[in-house]
Amino acid sequence: MGAPVTLTKEYKIGDMVATREAYGQALLDLGAVNPEVVVLDADLSGSTQTKHFAKAYPERFFNMGIAENNMMGVAAGLARMGKVPFASSFAMFAAGRAWEFVRNSIAHNHLAVRVCATHAGLTVGEDGASHQIIEDVALMRVIPTMTVIVPADATEAYQVINTVAELDSPSYVRLGRAKVPVVFGPEYKFEIGKVSVIEEGTDISLIACGVMVWKAMEAAKILKAKGHSVELINCASIKPIDVKGIVKTANKTGRVITLEEHNIIGGLGDAVASVLMENCDQKIKFKRMGVEDKFGQSGDGMKLLEHYGLGEENIAKEAEKLLS
Amino acid sequence: MNFNKEQVEQKAKEIRINSLKMINAANSGHPGGSLSIADILSVLYFGEQMNYDAKNPESESRDVLVVSKGHASPAVYSALGLAGFFPIEDTMSFRQLGSQFQGHIDRCRVPGVEMSTGSLGHGLSNALGISLAIKLNEKNLLENSSDARLANLEKPELTGSSMRISRDERNAAEEDLQVGSRTVFAILSDGELQEGSNWEAIMACAHYKASNVICFLDRNRIQLDGWTETTMALHPIAEKFHAFNWEVIEINGHDVDAINDAINKAKALRSGDKPICILAQTIKGKGVSFMEDNVAWHGVAPNNADLEKALVELK
């Protein structure tokens with residue numbers, strides 16, 4: 001496919017960067033090396049960050065207006081003719097409103113459209129429940145052949161975009177609105193279908209995706225201070241999922257908590273639960289942490305995480321229950 | 001353009017006959033909407049209106065046809081088989097487990113099918129994407145060409161007679177590069193206009209000045225539950241397309257001369273900036289008296305006796 005991408009952007013650990021910003025930067029860099037890359041948006045380019053690509057490559061950017069179904073259908077047509085389309089909107093509309101177009105126009109046609117959806121999860125914040133999709137991972141992962149990735153930070157998001165650009169099958173990338181700390185340095189290497197072990201431990205495994213990776217790291221600090229040894233796992237690749245990596249950590253610690261800013265139904269937690277049920281011979285203590293099958297509400301994104309039980313204090317508390 | 005009316009009418013007949021045989025063999029499928037587009041398909045594939053290569057279905061210079069009404073699969077498969085994409089006899093496995101001929105057209109299994117459809121309201125969006133890709137490629141071709149006649153391509157400030165001359169030269173150069181030669185055809189059913197996504201696509205085709213899109217609207221006036229006008233009224237369709245900034249050419253969709261003329265007219269309109277709708281007035285079940293205008297034959301298979309009667313009428 002395209003020439004190798006030159007990384008023009010490195011993110012420093014601790015910097016506050018939204019994953020959507022890394023997406024915008026990655027598109028800009030991809031556009032420079034791969035003339036087949038095209039980008040579609042549905043009147044949200046200023047928010048999804050596709051605006052940078054739009055400015056640099058106006059002839060390869062298609063604003064489809066507030067019409068997400070048509071956008072996905074058009075992206076499929078572009079892919080059919082060999083283009084490398086990225087289609088963006090808020091996750092609520094890309095995965096929710098346009099689900100059937102993603103399923104039939106894109107996936108059933110075996111077309112490599114990269115659906116890159118921003119403003120996912122509770123951390124959208126003030127816009128409230130109408131925009132806080134907590135169902136998108138579930139919706140996307142049930143579509144046959146769909147790859148589903150939830151990057152943890154800007155470093156990973158940037159690499160994920162460059163990785164899915166090379167796929168010849170459809171993919172969904174879940175991106176956030178909120179600025180979150182960069183947790184991976186330049187040595188980090190994202191790989192589809194692989195977990196990354198951030199820190200090794202022996203008592204309990206915290207398996208997280210997206211912004212919850214950072215929250216898990218914070219919770220691990222609390223647990224360590226109390227003398228527990230925590231294994232921290234980033235599971236950005238929700239589909240395909242790293243069966244070996246998950247089984248390995250579960251067998252090692254015997255205790256697993258999954259963490260996601262998504263409904264506990266159908267997301268990372270259920271994906272990991274399936275892996276454990278089918279592959280672990282020994283008894284594993286297991287807890288899914290996420291939004292417990294309820295709608296969100298307006299508020300500051302980080303306060304919302306806390307309100308719905310996804311703050312580091314509560315994570316540590318739940319971990320201690322499993323440890324007791 | 002070499003248009004052999006006799007041949008086109010003969011092939012339309014063969015499309016109809018093979019479609020009904022397929023549906024009868026499968027004991028399942030959609031005869032009504034297959035028969036209503038047989039003449040349009042025949043003009044496209046056998047009237048030399050569509051550039052395709054049955055031996056090289058992905059040819060870079062081909063025209064593209066997106067059939068949005070994917071349930072008309074018997075007619076599409078029959079046309080492709082007759083055009084040599086695969087042996088026509090193979091289509092008799094239609095709808096059977098393991099067959100390449102799925103109930104609704106499937107591009108991954110059948111050469112010549114450009115997009116898998118079946119869920120209504122997708123095809124025109126797909127066609128627009130294909131049109132945008134073709135236009136991007138043509139633009140690249142022009143920009144990377146060393147043809148001197150294209151040197152002033154980026155000089156819109158040229159006016160008056162010098163402009164006219166340069167435009168002629170440029171047109172000649174573009175023709176040499178085959179820029180603007182590819183057409184994206186779409187065939188939509190009338191009932192599927194009730195899907196809101198079609199109106200998103202209709203709006204977007206006009207916005208992107210997709211004048212290489214020629215969209216047939218199969219106005220057979222019947223959908224699964226009954227007449228379109230009692231189920232969810234669509235009239236007036238031409239006015240709706242006009243209001244969305246499309247060119248509309250209205251014809252009898254069973255008159256192969258009229259279909260051919262309409263395509264020629266649509267191609268001549270390509271230099272404009274509007275997408276073109278050929279509003280084809282058709283009859284659901286056309287060609288078989290007991291199926292014509294009869295909602296009962298939307299999605300019901302003819303049994304052996306029905307088929308026999310139908311074949312007598314069609315031969």
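## Close-up views of a predicted two-chain model

**Figure 1. The open sheet of chain B.** Five strands of chain B make up an open sheet in the order S1-S2-S3-S7-S6, and their pairing is parallel. The structure shown here and in the following views is a predicted model. At the edges of this sheet sit strand S1 (64-67) and strand S6 (247-252) of chain B, each of which pairs on one side only. Ignoring direction, neighbouring strands in the sheet are turned by 20° against each other on average.

Figure 2. Helix H10 (residues 256-268) of chain B lies across S2, S3, S6 and S7 of chain B. Relative to S6(B), helix H10 runs at about 170°.

**Figure 3. Where chain A meets chain B.** Here 26 residues from chain A are in contact with 30 residues from chain B. The size of an interface is often given as the accessible area lost when the parts come together. For chain A and chain B, the buried area is about 2,300 Å², and carbon and sulfur atoms give 57% of it. On the chain A side, A:Arg80, A:Met81 and A:Asn109 lose the most area to chain B, together 30% of what that side buries.

Figure 4. Side chains of opposite charge can pair when their charged atoms come close. Two salt bridges are counted between chain A and chain B. In one salt bridge, the side chain of B:Glu58 meets that of A:Arg80, at 2.8 Å from N to O. A:Arg80 is also among the residues of chain A that lose the most area to chain B. Polar contacts between chain A and chain B come to 13 residue pairs, both residues being at pLDDT 80 or more. Which elements of chain A give two or more residues to the side that touches chain B? They are strand S3 (61-63), helix H4 (68-80) and helix H6 (99-107) of chain A. H4(A) provides the largest share of that side, with nine residues. By residue type, the side of chain A that touches chain B divides into ten nonpolar, ten polar and six charged residues.

**Figure 5. The mixed sheet of chain A.** Chain A has an open sheet of seven strands in the order S3-S2-S4-S5-S7-S6-S12, with mixed pairing. The edge strands are S3 and strand S12 (237-239) of chain A, and each pairs on one side only. Neighbouring strands of this sheet are turned by 20° against each other on average, direction ignored. A handy residue pair to look for is A:Val39 with its bridge partner in S3(A), A:Phe61.

**Figure 6. Helices lying on the sheet of chain A.** H4(A), which also gives nine residues to the side that touches chain B, lies across S2, S3, strand S4 (84-90) and strand S5 (114-118) of chain A. H4(A) runs at about 170° to S4(A). Helix H8 (residues 154-164) of chain A packs on the sheet too, touching S4, S5, strand S6 (147-149) and strand S7 (171-174) of chain A. The direction of H8 makes about 170° with that of S7(A).

**Figure 7. A salt bridge within chain A.** Over all chains, the whole structure has 25 salt bridges. One of them pairs A:Asp136 with A:Arg174, whose closest N and O atoms are 2.9 Å apart. This pair links distant parts of the chain, 38 residues apart: A:Asp136 is in helix H7 (residues 136-141) of chain A, and A:Arg174 is in strand S7 of chain A.

Figure 8. A cis peptide bond, with omega about 0°, joins A:Lys239 and A:Pro240. A:Pro240 lies in the loop between S12 and helix H10 (243-253) of chain A. In chain B, the peptide bond from B:His235 to B:Pro236 is cis, with omega near 0°. B:Pro236 is found in the loop between helix H8 (228-231) and helix H9 (237-243) of chain B. Finally, A:Gln49 is not a glycine, yet has a positive phi of about 80°. Look for A:Gln49 in the loop between helix H2 (45-48) and helix H3 (51-56) of chain A.

Technical notes. Residues are numbered from 1 along each chain as its sequence is written. Chains are lettered from A and ligands numbered from 1 in the order in which they are written. This is a predicted model: local features need pLDDT of at least 70, side-chain atom pairs count only at pLDDT 80 or more; totals for chains, interfaces and linings use all residues. Side-chain values use heavy atoms; hydrogens and water are left out. Two strands pair if DSSP finds at least two bridges between them. Helices (H or I, at least four residues) and strands (E, at least two) are DSSP runs, numbered from the N terminus. Axes are lines fitted to C-alpha atoms, for helices over the stretch in contact, and angles run from 0 to 180 degrees between N-to-C directions. Contact means heavy atoms within 4.5 Å. Buried area is the accessible area (1.4 Å probe) that two parts lose on being put together, summed over both. A salt bridge is a side-chain nitrogen of Lys or Arg within 4 Å of a carboxyl oxygen of Asp or Glu. A polar contact is a pair of N or O atoms within 3.5 Å; within protein, one must be able to donate a hydrogen and the other to accept it, and residues adjacent in sequence count only if both atoms are side-chain atoms. Ala, Val, Leu, Ile, Met, Phe, Trp, Tyr, Cys and Pro count as nonpolar, Asp, Glu, Lys and Arg as charged, and the others, Gly among them, as polar.
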